[in-house]
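Please keep the sequence at hand while reading the questions and answers that follow, and check each one against the structure shown here.

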Amino acid sequence: MLSRSNWIILGLAVAVAAAGGWLQHASRQAHAPAGGAAIETGSIAPDLPLSGLDGKEHRLSEFRGRRVLLNFWATWCGPCLTEMPALARAQANVGEKGGIVVGIAMDDPARVKAFLESHPVNYPVLIGHLESPSTSLQLGNVGELLPYSVLLDENGRVLATRRGVLDDGQVQQWLAPTAP
């Protein structure tokens with residue numbers, strides 16, 4: 001049997017844990033896009049319009065029917081550039097019918113075009129909106145840190161998100177048909 005002081009300590013620990021969980025949830029919601037909640041695993045990603053490097057508008061729904069790894073990056077982001085070879089290798093290995101990497105550059109379009117001319121990639125790159133709420137924020141990047149990745153299933157449902165660099169193994173796992 002627990003003594004009275006142990007019950008008090010246990011009660012305080014539970015209260016602190018509950019308060020911490022609530023604060024974490026409230027903080028996530030406070031940084032969510034205006035008029036919406038932070039994107040959650042299992043929810044359908046918004047069908048955002050994004051410009052291609054050719055200036056044409058594209059929507060995320062164009063990639064439905066395939067597993068999609070959205071990778072947010074910028075030309076000035078060293079860690080983003082570090083993971084690009086892993087993304088290109090994975091894209092080369094999945095083939096035409098497998099998953100697809102879609103780069104979303106959170107950067108000036110002219111800078112992105114110039115960068116990709118000297119560092120081409122084998123996956124599509126779209127230009128994200130920087131104005132608030134940014135494209136990455138609308139897809140769950142509440143800290144708006146780069147790199148940031150979102151994995152979508154064939155129906156556009158969010159399977160996973162990750163802040164930070166994805167290594168070869170993680171990219172391969174995410175693009176595999178049995179990914180999380």
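**Charged pairs, a disulfide and paired strands**

Q: At 32% relative accessibility, what does D168 count as: buried, exposed or partly exposed?
A: The model is a predicted one, in which local features need pLDDT of at least 70, side-chain atom pairs count only at pLDDT 80 or more, and totals for chains, interfaces and linings use all residues. Residues are numbered from 1 along each chain as its sequence is written, and side-chain values use heavy atoms, with hydrogens and water left out. Buried means under 20% relative accessible area and exposed over 50%, with partly exposed in between (1.4 Å probe, protein chains only). At its 32% relative accessibility, D168 therefore counts as partly exposed.

Q: How many residues apart in sequence are the parts that R89 and D168 tie together?
A: R89 forms a salt bridge (a side-chain nitrogen of Lys or Arg within 4 Å of a carboxyl oxygen of Asp or Glu) with D168, and the closest N and O atoms are 2.8 Å apart. R89 lies in helix α2 (residues 78–94) and D168 in helix α5 (residues 168–175), so the pair links parts of the chain whose separation in sequence is 79 residues.

Q: Which side chain makes a polar contact with the side chain of D107?
A: A contact means heavy atoms within 4.5 Å, and D107 touches, among others, A74, W76, V112, I127 and L130, not counting residues up to four places away in sequence. A polar contact is a pair of N or O atoms within 3.5 Å; within protein, one must be able to donate a hydrogen and the other to accept it, and residues adjacent in sequence count only if both atoms are side-chain atoms. At 2.4 Å, the side chain that makes such a contact with the side chain of D107 is that of T75.

Q: What is the handedness of the disulfide of C77 and C80?
A: A disulfide, here a pair of cysteine sulfur atoms within 2.5 Å, joins C77 to C80 with an S to S distance of 2.2 Å. Both C77 and C80 are buried. The torsion about the S-S bond of C77 and C80 is about 75°, so the disulfide is right-handed.

Q: Which side chain of opposite charge is nearest to D153?
A: D153 is found in the loop between β6 (148–152) and β7 (158–163), where the backbone nitrogen of N155 lies 2.8 Å from a polar atom of its side chain. Leaving aside neighbours within four places in sequence, D153 is in contact with R66, R67 and L159. For charge, Lys and Arg count as positive and Asp and Glu as negative, while His and the chain ends are not counted. D153 is buried yet has no salt bridge, and the nearest side chain of opposite charge, 4.4 Å away, is that of R157.

Q: Which residue in β5 is the bridge partner of G52?
A: Two strands pair if DSSP finds at least two bridges between them. Three bridges join strand β1 (residues 49–52) to strand β2 (residues 57–59) in the antiparallel sense, and the two form a hairpin with four residues between them, where G55 in the turn has a positive phi of about 90°. β1 also pairs with strand β5 (residues 125–127), antiparallel over two bridges. In β5, the bridge partner of G52 is L126.

Q: How far apart in space are S136 and Y148, C-alpha to C-alpha?
A: S136 is placed in helix α4 (residues 135–138) and is buried, with a relative accessible area of 3%. Not counting residues up to four places away in sequence, S136 touches F72, M106, N141, E144 and Y148. S136 and Y148 are twelve residues apart in sequence, and their C-alpha to C-alpha distance is 7.8 Å.
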